[in-house]
Amino acid sequence: SVLSIYFYLQYLDKKNRLNLLWSLLVFVLALLSKENAVVIPGLIFVTHLFRQIVLKERLTLINVVKLIFPFVVILSIYLYFHFFVYGLATGDSYIWDFSVRKGVNTLAWYLLWSFNIPEMFVDYIGPGFNVNPNLAKYWLKETIILLSLIGCIIIYIAGLSLYYLRKDMKTLRLIMLFSICWFIIALLPVIFLPIHKFTYYLTMPILGLMFLV
């Protein structure tokens, strides 16, 4: 997935169509490897826009759409086979819920896991931040250490943000927006699967947060 985006950026820099072909080929290989690669066109779109804004290039949305169109065609063919020929994954945990509340809750857990909150915490903290008493019973020491580290990280990020807000607020806002967009787009295939959520789905989304950090 990253390689496909890399070749696309190489094409934008060098205007060599071979790089665009490589990007499309790697995109196909990514789709054949893992379903989550369906987000690549969306990530390319956001990356392209971000690049144009940073380099102060003329923002022509139509040209961006034209360049991404081959990716959309390939994705459409893939989705047709996935939905109508092979079918979607089935199982007790593959229950779709498109409510905003569930989507935000799932997104929040992925965000917490990105900052190394243990995956098993989801078993002890219910909706409305209702904490299961067994968390303190079995994991008290680890929880105290973890909360202390989180507090230090929050203070560090807040201090750094205030410093950069004074230096260049526009750039910081732009980077934050790009990182958030990347994180959400990369998680789209699993955001509305509230029961079927696991840390290994963070492979692509976490790159957006790494960029910000």
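These are my notebook entries on a predicted model of one protein chain.

**Entry 1. Ground rules**

I number residues from 1 along each chain as its sequence is written.

**Entry 2. Overall layout**

I looked up the secondary structure and found seven helices and two strands in the protein chain. Here helices (H or I, at least four residues) and strands (E, at least two) are DSSP runs, numbered from the N terminus. The order along the sequence reads α-α-α-α-α-β-β-α-α. I noted a C-alpha trace spanning about 60 × 55 × 25 Å along the principal axes.

I then turned to burial, where buried means under 20% relative accessible area, exposed over 50% and partly exposed in between (1.4 Å probe, protein chains only). Of the 213 residues, 32% count as buried. The chain exposes about 13900 Å², and carbon and sulfur atoms supply 70% of that area; the areas come from the Shrake-Rupley method with a 1.4 Å probe, and for residues only the protein chains shown count as cover.

For contacts, I used heavy atoms within 4.5 Å. Among contacts with a separation of 6 or more, 68% join residues 24 or more positions apart.

**Entry 3. Helix α1**

I recorded α1 as residues 2-14, with 13 residues. Its first and last C-alpha atoms lie 18 Å apart, close to the 18 Å expected at 1.5 Å a residue; the expected span is 1.5 Å times one less than the number of residues. Within α1, I listed Ser4, Ile5, Phe7, Tyr8, Gln10, Tyr11 and Leu12 as buried. Just after the helix, lysine 15 takes a positive phi of about 55 degrees.

**Entry 4. Aromatic pairs**

My search of the whole structure returned 17 aromatic pairs. Rings of Phe, Tyr and Trp (its six-membered ring) pair if their centres lie within 6.5 Å; planes under 30 degrees apart count as stacked, over 60 as edge-to-face and the rest as tilted.

The rings of phenylalanine 81 and tyrosine 86 form a tilted pair, because their planes stand at 35 degrees, with centres 6.4 Å apart. Phenylalanine 81 is partly exposed at 37% relative accessible area, and tyrosine 86 is exposed at 67%.

The rings of phenylalanine 178 and phenylalanine 211 have centres 5.2 Å apart and planes at 70 degrees, so I logged the pair as edge-to-face. This pair links distant parts of the chain, 33 residues apart: phenylalanine 178 belongs to helix α6 (residues 134-191) and phenylalanine 211 to helix α7 (residues 205-212). I found phenylalanine 178 buried at 8% relative accessible area, whereas phenylalanine 211 is partly exposed at 44%. Ring pairs also join Phe50, Phe178, Trp182 and Phe211 into a cluster.

**Entry 5. Two single residues**

I placed histidine 82 in helix α4 (residues 61-86). It counts as buried, at 18% relative accessibility. Leaving aside neighbours within four places in sequence, histidine 82 contacts Glu35, Gly87 and Leu88.

I placed leucine 207 in helix α7, where it is partly exposed at 29% relative accessible area. With neighbours within four places in sequence again set aside, leucine 207 contacts Val2 and Trp182. Leucine 207 and phenylalanine 183 are 24 residues apart in sequence, and their C-alpha atoms are 7.6 Å apart in space.

Terms used: Predicted model: local features only at pLDDT ≥ 70, side-chain atom pairs only at ≥ 80, totals over all residues. Heavy atoms only, no water.
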